[in-house]
Structure formats: C-alpha cells, structure tokens
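Reader: I would like to learn how to read a protein model. Please take one kind of feature at a time, with the general idea before the case.

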Amino acid sequence: MTDTVTAETAAEPVDLLAKFDPIIQTREALLAAGVEDPFNLVMEQVLSPTRAICNGRDTILLGTYNYMGMTFDPDVIAAGKTAMEDFGAGTTGSRVLNGTFRDHRDVEAALREFYAMDHAVVFSTGYQANLGIISTLAGKGDYIILDIDSHASIYDGCAMGRAEVVPFKHNDVEALEKRLKRIPEGAGKLVVLEGVYSMMGDVAPLKEMVRIAKAHGAMVLVDEAHSMGFIGEHGRGVAEDQGVIDDVDFIIGTFSKSVGTVGGFCVSNHPKFEVLRLVCRPYVFTAALPPSVMASSATSIRKLMHGGNKRAHLWENSRTLHKGLRDLGFKLGTETPQSAIIAVIMPDLEKGAMMWEALLKEGLYVNLARPPATPAGMTLLRCSLCAEHSAEQVQTILGMFERAGKAIGII
C-alpha cells in the first residue's frame with residue numbers, strides 16, 4: 001500500500017521567489033516615498049517619434065532608442081500595412097518550417113545590401129540573435145573573451161553554449177591582450193565586443209581590439225545594436241567608422257533601435273554561415289516574425305542607406321545636449337559625446353528616482369537605469385536622442401533638466 005500526502009503532512013514549499021525579496025523591498029520603499037513607478041510607465045498615445053502621452057501627460061520622449069525616428073516614416077508604415085493585408089497577421093511557424101515568407105527573404109536581402117556582406121539571418125528579437133549566434137558558435141571547450149560590461153543577452157548566449165567565459169576590463173585593450181595570451185593553444189576563441197555600450201553610451205576601441213584578436217587567432221563578433229543606422233559613413237556602425245568592418249567575422253544587430261521595428265539579425269561573410277539556420281536553436285525553435293514587421297523593416301533599412309542628413313542632425317543633437325548638460329553641472333558618462341546615448345550619473349537610486357519623476361512632471365521621459373544593469377553600481381538617467389528631435393526641443397530638454405536638477409538638489 002502506498003502512502004499518500006495529505007494536506008496536514010505536506011511540507012511547506014520553498015518560495016522560489018524569495019531570492020528577489022531585496023528588489024521587492026527596494027521598489028516598495030521607493031513607491032512608499034510617493035515616487036511614481038519608474039518601471040511601469042504607460043504610453044497611452046504615441047504622437048510622433050519624439051512625443052507621447054505618458055501617464056496622462058504630453059511628454060517629450062528621450063528614452064526610446066528610436067535613434068533615426070523611423071517608427072512613423074510613412075513608407076515604413078505603408079509597407080507594413082500592405083504586407084499584413086497580403087499575408088495576414090502572423091506566421092504561426094518557425095523559419096525552418098512554414099515561417100519563411102517573401103518579406104523574411106527581402107529583409108535579409110536588404111541587410112546584405114546595407115552591410116555589403118554575403119550572408120544575413122533574421123531572428124525574432126535582438127536578444128535571440130545574441131543568444132543564438134553566440135551559443136552556436138562557441139560551445140563546451142571553446143573560449144569566449146568578452147568585455148565585462150557586455151549586454152545581458154551576450155552573457156546569456158555564453159551560458160547557453162557552455163563555453164568558458166573570460167571577461168576583461170571594460171574597453172581595456174591591454175586587458176584583452178593579456179586574456180588572449182592565457183587561452184590554451186589550439187582552442188576555439190571568440191572575442192565578443194559591442195560598438196556602443198548601452199548604459200554609458202561609450203564607444204569601443206574596435207580598431208585595436210580587432211587587430212589583437214586576429215593576431216591571437218580568435219574570431220570576432222561585434223554587437224552594433226546601438227550604432228547601426230547612425231555611426232559610420234553608411235550607418236554600418238563603429239566597425240565601419242573605425243575601418244575594421246571587413247576584419248570582423250560576425251555583426252549582430254537589432255531592428256528595435258534605428259530601424260524602428262522589432263527583430264534581430266546577424267550578418268557575415270563566413271562561407272559556412274548558412275549552416276547556422278539548421279543548428280541554431282533560438283532560430284529553429286522560435287516562431288518567425290510577422291510579415292508586416294519584416295516588410296516595414298526592409299523598407300526602413302533601405303531608407304537608412306540614404307540617411308546621411310539624418311545622421312548629421314542626430315550628431316548635432318548629441319553634441320548640443322551633452323555640452324548643455326555639462327555646462328549645467330551634471331556629471332555625464334562620457335567626457336565627449338560618443339553616440340546618441342548620454343548617461344547622466346545620479347548620486348544614488350533615491351535621488352535618481354526623484355529626478356526621473358521631476359523630469360516626467362516637467363514633460364520629459366528618460367530611462368532610469370540601476371544596478372545590476374549598470375556598471376560599477378551606478379544609478380543613471382539614460383538619454384537616447386532621436387534624429388527627429390528638433391533643435392528647439394533639445395533646448396527645451398535642457399531647460400527641463402535645469403529646473404528638475406535644481407529642485408532635487410543635484411545641481
């Protein structure tokens with residue numbers, strides 16, 4: 001006769017969410033102080049790439065990654081509408097089964113044109129692009145040498161592939177070289193870098209790092225999520241800007257920034273690249289993106305090829321905002337403007353949340369970023385500029401920062 005567990009004898013289950021109690025307590029303390037929840041903002045209506053109704057207020061958007069302002073481009077919207085009418089709302093299948101439609105092939109063709117490369121593959125998100133490509137390239141017994149400030153999707157790709165992870169100090173060329181010298185002879189080596197690091201908005205010294213990686217027999221993958229479309233003569237990213245795009249083995253990117261849609265991708269000239277479609281689990285076992293998203297993305301990418309004027313205006317916005325904030329007395333993440341991201345360093349999380357709320361009440365939305373997402377335990381207000389921000393809007397933003405900063409006592 002088998003024993004049965006009754007309600008009276010059942011053991012109390014271990015609460016698997018208990019490990020998050022410190023985060024719950026920090027959030028509750030912030031909200032108890034009367035601060036609006038900075039991680040639960042709602043956009044009730046989006047008016048343009050730079051304005052929305054947020055929590056009931058007409059708000060300037062300075063934290064959306066919509067770098068090139070393509071979300072409301074009429075050609076991009078029209079392409080998506082046509083594809084939805086022609087192919088329906090979704091694919092209901094994986095790319096290797098029924099999920100490859102005409103527009104999936106077209107967006108991959110647009111990426112090959114944009115980067116002037118032989119191969120391109122599209123994933124359902126940028127996160128999945130890193131997760132899939134990194135975990136497939138480097139497995140058990142291989143080594144991944146990466147910048148310690150790498151994005152979570154890069155670390156998760158390393159974990160999924162179970163390669164040996166060797167981090168080095170952020171943007172430190174000598175530290176990279178020292179790590180590479182310690183890797184066993186003959187081992188598979190993948191150096192993973194980012195063009196622009198999303199928290200501080202700083203740029204990697206790719207020219208030196210790619211040279212060192214190649215000298216030590218490593219393949220190189222560069223994540224250009226925050227530089228594609230904006231940095232470089234043709235908008236191909238930091239690798240193009242620093243003259244090493246032909247030396248990089250794989251470039252990862254996303255559609256959720258400059259392209260203005262959603263999805264991720266990898267481009268490469270490697271002759272064996274197409275086999276990844278058969279062996280990359282996050283590609284094989286994920287439903288393909290809707291054809292409407294793919295049509296919008298292809299249209300956007302092709303328009304970005306001719307986005308020189310937009311890129312120039314975005315650089316002007318970045319220089320103006322960076323100088324203006326420094327002149328007001330704010331501490332910034334970089335000494336000079338390096339990208340469309342400008343990080344404003346806060347004294348602590350409490351002051352950061354208060355400043356975030358003060359800006360929101362002024363009519364400005366920025367990102368409140370906190371540990372563990374941020375480096376060195378910092379709290380940041382992360383500003384992401386758009387090519388559609390007017391010069392007048394940038395001056396308005398500076399006025400908002402000045403009033404909020406003085407009210408909270410930061411400047």
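Predicted model: local features only at pLDDT ≥ 70, side-chain atom pairs only at ≥ 80, totals over all residues.

Reader: Which domains does the assignment give for the chain?

Author: The assignment gives domain 1 (26–68 + 308–408) and domain 2 (73–304).

Reader: How many residues of domain 1 are in contact with domain 2?

Author: On the domain 1 side there are 22 residues, and they are in contact with 22 residues of domain 2.

Reader: How should I read a nonpolar core?

Author: In soluble globular proteins, nonpolar side chains tend to be buried together. Here the largest nonpolar core has 93 residues. The members that touch the most others are Tyr 115, Leu 321, Leu 381 and Phe 401. At least three residues of this core come from domain 1 (26–68 + 308–408), and at least three from domain 2 (73–304). There is also a second, separate core of 22 residues, with Val 121, Phe 250, Ile 252 and Val 284 among them.

Reader: Which residues does Phe 401 touch?

Author: Leaving out residues up to four places away in sequence, Phe 401 touches Leu 62, Leu 325, Phe 330, Val 344, Met 355, Leu 359, Leu 364, Val 366, Leu 381, Cys 383 and Ile 411. Leu 381 is itself one of the core members named above for touching the most others.

Reader: How do I describe two helices that pack?

Author: Two packed helices are described by the angle between their axes and the distance between the axes. Take helix α6 (residues 173–182) and helix α7 (residues 206–215): their axes come within 10 Å and cross at roughly 10°. Angles under 35 degrees count as roughly parallel, and α6 and α7 are therefore roughly parallel to each other.

Reader: Which residues of α6 and α7 meet?

Author: From α6 these are Val 173, Leu 176, Glu 177 and Leu 180, and from α7 they are Glu 208, Met 209, Ile 212 and Ala 213.

Reader: What should I look for in the backbone?

Author: Most residues other than glycine have a negative phi, and most peptide bonds are trans. Asn 55 has a positive phi of about 50°, and Arg 162 has one of about 65°. Asn 55 sits in the loop between β2 (51–54) and β3 (57–61). Arg 162 sits in the loop between α5 (152–161) and β6 (164–168). With a relative accessible area of 26%, Asn 55 is partly exposed, whereas Arg 162, at 60%, counts as exposed.

Reader: Where is there a cis peptide bond?

Author: The bond joining Pro 371 and Pro 372 is cis, with omega about 5°. Pro 372 belongs to the loop between β13 (367–369) and β14 (379–384).

Reader: Why does Arg 382 count as buried?

Author: Buried means under 20% relative accessible area, and Arg 382 has 9%, so it is buried. Arg 382 is found in strand β14. The side chain of Arg 382 makes a polar contact with the side chain of Tyr 65, at 2.7 Å. Arg 382 also touches other residues, including Ser 198, Met 199 and Ile 341. Met 199 is 183 residues from Arg 382 along the chain, yet their C-alpha atoms are separated by 7.0 Å.

Reader: What does Glu 357 touch?

Author: Not counting residues up to four places away in sequence, Glu 357 touches Gly 34, Val 35 and Glu 36. A polar atom of the Glu 357 side chain lies 2.9 Å from the backbone nitrogen of Glu 36. Glu 357 is in helix α13 (residues 349–362) and is buried, with a relative accessible area of 12%.

Reader: Is Phe 114 buried or exposed?

Author: Phe 114 is in helix α3 (residues 102–115) and, at 2% relative accessibility, counts as buried. Beyond its neighbours within four places in sequence, Phe 114 is in contact with residues including Met 228, His 234, Ile 301 and Leu 304.

How values were computed: Residues numbered from 1 in each chain as written. Heavy atoms only, no water. Core = buried A, V, L, I, M, F, W, Y, C linked by side-chain atoms within 4.5 Å. Buried < 20%, exposed > 50% of the residue type's maximum accessible area, 1.4 Å probe, protein only. Domains from an automatic or database assignment. Contact = heavy atoms within 4.5 Å. Helix = DSSP H or I, 4+ residues; strand = E, 2+ residues; numbered from the N terminus. Polar contact = N/O pair within 3.5 Å; in protein donor to acceptor, adjacent residues only side chain to side chain. Axes fitted to C-alpha atoms, helices over the stretch in contact; angles between N-to-C directions. Parallel < 35°, antiparallel > 145°, perpendicular 65-115°, else oblique.
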